[in-house]
Amino acid sequence: MDVNTLNKIYDTCVNAMSSNDELSKEKAITFALSIFGFKAQEEKEAFEILINKLTVFFDTKQEEAHVLDDQEIVPWIHTVNSDRYYSDRYHTYLQNEEQLPARVIDVIKRTNEDILERLGNPYIDKPFRRQGLVVGNVQSGKTANYLSLINLAADYGYKLIILITGIHNNLRSQTQKRVNKGFIGYHSDEQKYTGVGLTNDPARQEIIDAKQPHCFTSLTEDFNGKIRKTTAVRLGSAKNPVIMVIKKNYHTLDNVIKWLRNNDDGRRFINEPVLIIDDEADNASINTSKKPNETTRINGQIRETLDLFLQGSYVGYTATPFANIFIDPVSYSDAVAGDLFPKDFIFTLVPPSNYLGATKFFLGDDDEPNYDSPYVEFIQDNEDSIPLKKPTDFVLTEIPKSLTLALYEYLVSIVIKGLRPVSNKHTSMLINISHKTQEQAEARYLVSQEIEEIALAVKFHGAKPHQERMKNSHLEGLYHKFLPHSDECSVDDFFTKLQKVIDSVKVRMINSASKDKLDYDNYENGLNVIAIGGYSLSRGFTLEGLTVSYLIRNTAMADTLLQMGRWFGYRDQYSDLCKLYIPDASFEWYAFIAQSIEELRSEFSIMEQNGLTPAEFGLKVRTSNTGLLITARNKMHHAETVTLSESFSEEAFSLRGISLDNLPRQRQVFADFALKSAHAYGFKPVYNHVKAQNDKQFHLIQRVSIDEVINLFNEYEHSIDDSGRKQALKSYIEERRDELATWDIAIHKSYLGENAQPQVRTFAKSSYRSDHVKTADGGGRILRPWEEAFGLTDEQYAHAKKQKDESKVKQTARFYRRNRSQPLLVLKSFNLYVGSKKEGDKKGEVPKYEDVPAYAISFPKSSNHNPVSYVVNKVFIEDYFGEDDESDELEEGYE
């Protein structure tokens with residue numbers, strides 16, 4: 001059965017089930033097949049494909065977006081009479097052609113109506129400037145969302161739409177193709193209709209032609225000087241909406257500004273309203289100038305473009321909003337008062353239930369790092385061939401064995417995916433081991449050689465008896481990767497099928513120095529491709545049918561790492577074939593980032609319920625642990641030291657590193673404090689409210705004086721990672737002596753001479769240093785959320801739980817801190833292990849370090865909002881973040 005017929009049958013099923021809630025999927029398919037002359041029992045493969053597609057369409061869950069507003073919204077859409085031509089046809093296209101789930105389309109519609117309500121009304125005779133931000137997830141469908149807004153804006157009077165994409169041509173072309181399909185309806189390069197422009201109805205075709213938007217860019221041409229000089233369309237006389245899809249490049253933006261100035265007819269402002277969509281808004285759009293009265297070039301050009309219009313709206317889209325939030329709205333000088341901070345609104349999009357994202361890859365059900373993630377394989381053999389920190393004269397001459405294993409995994413995925421009812425026929429592999437194009441070229445050569453060698457083995461030995469096959473190392477490796485899927489076909493069938501497809505595998509290098517392209521549309525039966533690249537294969541670029549990714553990059557920046565995550569997205573019917581090969585250090589950072597973003601999303605939901613503003617959310621992000629570290633990196637360009645500010649009000653203070661020197665002395669410090677406090681104040685079992693029983697590991701001492709706590713911090717030996725921060729902690733406490741006069745202390749029973757098992761923490765090998773272990777990069781959260789309820793009264797806990805339940809936030813200790821009347825200090829004892837995938841239960845193993853003392857604090861809310869400051873140096877930042885190799889201003893020889 002061909003694809004077109006299958007899609008028609010699918011549409012029939014959707015329409016039938018949408019009009020009859022009682023109709024089952026099976027009956028709808030049987031009925032639809034009969035209409036097209038097929039019998040269900042003779043079309044088993046088509047039947048299974050249709051079942052899966054209908055399950056996704058009707059059963060996928062989708063939550064509403066969350067929003068923070070700066071001021072009360074005055075709805076205006078209902079005051080405008082619009083036929084919604086563009087948005088209605090786009091949403092129909094999403095259902096019929098893109099086959100998005102029904103609930104997802106409904107939420108896209110409502111979300112973008114809500115966004116448009118917050119943008120200016122072009123039909124009123126008043127100037128306006130609106131600025132907002134929409135935060136999605138990597139590879140979660142942000143393009144579909146902003147295309148919905150573009151169509152809706154066109155329906156409601158926005159004459160010019162400028163869509164600013166990433167900084168590379170391949171992403172701009174990919175985005176142009178999607179705009180052609182989702183808004184324009186026409187491919188000017190190929191001179192044919194596409195997407196929303198396709199119809200068999202002549203009357204409908206006349207309407208499509210009459211309402212076709214003007215587009216000044218194409219798949220092959222950005223808005224260059226030639227187009228600027230030759231375009232005949234003027235905004236004032238254009239009957240239909242005008243759109244341009246441009247690269248985030250200062251030459252292109254300069255051409256746009258010059259063309260717009262030529263459209264102003266001598267007026268100070270252009271009268272026609274503009275909507276600027278800034279895709280990947282955290283990349284190159286931010287003002288990173290170190291001089292207070294200056295702006296970086298692209299940031300200045302975007303602002304200049306917006307300033308040309310009497311009525312203008314700017315909406316940034318990103319999955320990594322850190323940089324946008326770090327635009328400080330409080331410290332505006334007159335010169336930068338018009339910066340792009342999302343002052344009017346911030347939306348956070350919730351991904352659908354079938355989205356495969358960072359939490360599923362890196363975290364377990366308890367939101368802690370999952371070293372046994374089924375999606376992750378650790379790379380442990382790269383240092384000899386592809387070291388994380390490469391010497392300046394590095395040349396790639398061989399690939400590690402782990403990369404060969406990843407190639408086996410990819411080849412198996414092609415065969416197994418082909419056996420399943422998967423609608424996406426493309427199967428891709430990503431290799432990202434360097435930001436340098438020369439090293440990518442070396443990798444392409446070596447990978448091509450390896451694939452040729454594997455192909456020869458498959459062709460010459462694949463049909464031999466199994467025992468003979470196993471004598472070849474490549475076939476043996478393929479066999480072991482195939483074994484988990486042996487219930488889907490026999491081993492002989494697997495090698496037979498692999499022989500048929502292995503020659504179809506392409507190896508392509510995707511960067512600015514290569515002419516290779518990922519031309520999926522030219523492969524009707526599916527493209528099998530191994531894509532090798534760096535920056536060009538991140539930042540919004542989509543690899544179709546991606547199953548296996550191999551990543552070795554020495555960076556720990558949250559935004560950079562997440563944007564490399566092309567493996568996130570939708571993998572219906574083949575998520576079990578998806579594998580990510582990364583070093584353990586990268587796993588730790590990804591887990592940390594996944595935790596950080598989940599926490600920030602939780603905070604966003606709480607702030608939404610409390611009616612807080614984008615500026616207040618910005619402050620929260622900047623003072624989070626992730627935010628502070630990123631702030632430090634951003635400020636460190638030309639300085640040897642940086643001063644950071646942090647507030648602990650209603651926050652948990654957790655060590656960024658645990659000292660491993662003088663452990664017996666450290667234990668004695670805690671024991672002396674515990675015994676002295678117990679003698680002075682008495683102690684009792686800690687009641688664990690979450691488990692509704694006394695805790696087995698801790699005792700509680702209450703009303704301990706502030707001076708004794710400060711003395712303990714003076715005695716405890718902090719690691720280098722907290723050397724500046726410990727003084728800030730003490731300053732914060734000293735400045736709030738009245739509020740923090742007495743403390744609750746939860747003390748591990750071992751410090752009082754009782755038997756109690758230490759808690760277990762697991763860290764990657766890369767987290768350990770000679771004298772300390774890093775805890776800020778995932779895997780070692782010192783304080784668990786439920787422990788922050790220690791010391792609360794029953795009434796306080798009940799109130800906190802009620803607030804948490806009403807917020808619908810899965811896990812946060814925010815409400816425990818909010819209801820706490822005095823601070824909680826938790827003195828812990830850990831057994832530390834070296835983390836490794838598939839290690840299983842730690843029982844019976846010898847820890848790397850035993851009975852390691854550490855502490856954390858749960859602070860109540862303070863009436864004193866002043867932050868405390870401390871200094872970090874360049875060595876600290878470089879140690880945390882590795883190479884800063886993802887520059888917006890890429891040097892020659894780099895992508």
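This is a predicted model: local features need pLDDT of at least 70, side-chain atom pairs count only at pLDDT 80 or more; totals for chains, interfaces and linings use all residues.
Residues are numbered from 1 along each chain as its sequence is written, and side-chain values use heavy atoms, with hydrogens and water left out.

**Strand E15 and its sheet**

- Helices (H or I, at least four residues) and strands (E, at least two) are DSSP runs, numbered from the N terminus.
- E15 sits in an open sheet of six strands, ordered E12-E18-E16-E13-E15-E14, with parallel pairing.
- At the edges are strand E12 (376-379) and E14, each of which pairs on one side only.
- From one strand to the next, the twist averages 15°; axes here are lines fitted to C-alpha atoms, for helices over the stretch in contact, and angles run from 0 to 180 degrees between N-to-C directions.
- Strands count as paired if DSSP finds at least two bridges between them.
- E15 has a parallel pairing with strand E13 (residues 427-432) over five bridges, and Ser-428 stands opposite Val-529 in E15.
- With strand E14 (residues 505-510), E15 pairs in the parallel sense over six bridges; there, Lys-506 has Val-529 as its bridge partner.
- Six of the six residues of E15 (residues 528-533) are buried, so the strand is largely enclosed by the rest of the structure. Buried means under 20% relative accessible area, exposed over 50%, and partly exposed in between (1.4 Å probe, protein chains only).
- In a regular strand, side chains alternate between the two faces of the sheet.
- In E15, Asn-528, Ile-530 and Ile-532 point one way, while Val-529, Ala-531 and Gly-533 point the other way.

**Salt bridges**

- The whole structure holds 36 salt bridges, each being a side-chain nitrogen of Lys or Arg within 4 Å of a carboxyl oxygen of Asp or Glu.
- Arg-420 and Glu-488 meet through their side chains at 2.6 Å, N to O. Arg-420 lies in the loop between helix H14 (401-419) and E13, and Glu-488 in the loop between helix H17 (473-482) and helix H18 (491-501), so the pair ties together parts that are 68 residues apart in sequence.
- Within that pair, Arg-420 is buried at 11% relative accessible area, whereas Glu-488 is partly exposed at 30%.
- Asp-516 and Arg-444 form a salt bridge at 2.9 Å, N to O.
- Asp-744 and Arg-820 meet at 3.8 Å, N to O. Asp-744 is in strand E24 (residues 742-748) and Arg-820 in the loop between helix H27 (814-818) and strand E27 (824-835), 76 residues apart.
- Here Asp-744 is buried at 2%, and Arg-820 is buried at 6%.
- Glu-650, Glu-651, Arg-814 and Arg-818 are joined in a salt-bridge network.

**Aromatic rings**

- There are 39 aromatic pairs in the structure. Rings of Phe, Tyr and Trp (its six-membered ring) pair if their centres lie within 6.5 Å; planes under 30 degrees apart count as stacked, over 60 as edge-to-face and the rest as tilted.
- One of the pairs is Tyr-186 with Tyr-193, edge-to-face at 5.2 Å centre to centre and 70° between the planes.
- Tyr-186 is partly exposed at 22% relative accessibility, and Tyr-193 is partly exposed at 30%.
- One aromatic cluster includes Phe-648, Phe-653, Trp-743 and Tyr-855.

**Charges over rings**

- A charge sits over a ring if NZ of Lys or CZ of Arg is within 6 Å of the ring centre and within 35 degrees of the ring normal.
- Arg-297 has its charged end over the ring of Tyr-250, 3.9 Å from the centre.
- Lys-390 lies over the face of Phe-394, 5.9 Å from the ring centre.

**Cysteines**

- The disulfide count is zero, where a disulfide is a pair of cysteine sulfur atoms within 2.5 Å.
- Cys-13 is buried at 0% relative accessible area, and Cys-578 is buried at 2%.
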